[in-house]
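Keep the structure open beside you as you read.

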Amino acid sequence: VKWMMYWIVFAFFTTAETLTDIVLSWFPFYFELKIAFVIWLLSPYTKGSSVLYRKFVHPTLSNKEKEIDEYITQARDKSYETMMRVGKRGLNLAANAAVTAAAK
C-alpha cells in the first residue's frame, strides 16, 4: 500500500512537473527543491506520499468513484466494439487475400 500511494502521488508530481519546469525553471534552487520533495515523498520518517495521498488524492478519488467507474465501463464497451470491428476487417482482408491467391 505504501508503494501504491507513492507511485500515485509521484505520477501526479511528474504531470505537474511538466508544467512547472517551463514556468519555474529559472527560480533559484528549483531543481534542488524538486529533489528534496522527492526525498520527502520517499522518506519513511516523513511518509510524505502517504500524507499527500490521504489528504488530497484519496478524498478526490472517493468523490469521483462513480464517474470513474462509468468511464471504465464506457472504455470497456468501446474497446470491445473496436476489437470486433478490427477483427472482422482483418478476417475480410485475409479472406480476400486467400481468394485472390487461389484465383491466381
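A word on the background: the model is predicted, so local features need pLDDT of at least 70 and side-chain atom pairs count only at pLDDT 80 or more, while totals for chains, interfaces and linings use all residues. Residues are numbered from 1 along each chain as its sequence is written, and side-chain values use heavy atoms, with hydrogens and water left out.

You will find Lys 34 in helix H2, residues 30–42 (helices are DSSP runs of H or I with at least four residues, strands are E runs of at least two, and both are numbered from the N terminus). Leaving aside neighbours within four places in sequence, Lys 34 is in contact with Phe 13, Glu 17 and Asp 21, where contact means heavy atoms within 4.5 Å. With Glu 17, the side chain of Lys 34 forms a polar contact of 2.6 Å (a pair of N or O atoms within 3.5 Å; within protein, one must be able to donate a hydrogen and the other to accept it, and residues adjacent in sequence count only if both atoms are side-chain atoms).

Now step back to the helices themselves. H1 and H2 pack at an angle of about 170°, with their axes 11 Å apart; axes are lines fitted to C-alpha atoms, for helices over the stretch in contact, and angles run from 0 to 180 degrees between N-to-C directions. H1 and H2 are therefore roughly antiparallel to each other (angles over 145 degrees count as roughly antiparallel, under 35 as roughly parallel, 65 to 115 as roughly perpendicular and the rest as oblique). Among the residues that meet here are Phe 10, Phe 13 and Glu 17 in H1 and Phe 31, Lys 34 and Phe 37 in H2. The residues of this contact divide into 12 nonpolar, one polar and three charged, where Ala, Val, Leu, Ile, Met, Phe, Trp, Tyr, Cys and Pro count as nonpolar, Asp, Glu, Lys and Arg as charged, and the others, Gly among them, as polar.

Follow the chain between these two helices and you reach Phe 29, in the loop between H1 and H2. Phe 29 has a positive phi of about 65° although it is not a glycine, and this residue is exposed, with a relative accessible area of 61%. Another positive phi, of about 50°, belongs to Lys 47, also not a glycine, and Lys 47 is found in the loop between H2 and H3.

That brings us to H3. Helix H1 (residues 2–24) and helix H3 (residues 48–63) pack at an angle of about 70°, their axes 8 Å apart, and are therefore roughly perpendicular to each other. Residues that meet include Tyr 6, Ile 8 and Phe 12 in H1 and Leu 52, Tyr 53 and Val 57 in H3. By class, the contact of H1 with H3 has nine nonpolar, two polar and two charged residues.

How do H2 and H3 pack, and at what angle? The angle is about 85°, with the axes 5 Å apart, which makes H2 roughly perpendicular to H3. Phe 37, Trp 40 and Leu 41 of H2 make the contact with Gly 48, Ser 49 and Leu 52 of H3. Four of these residues are nonpolar, two are polar and none is charged.

Methods. Buried means under 20% relative accessible area, exposed over 50%, partly exposed in between (1.4 Å probe, protein chains only).
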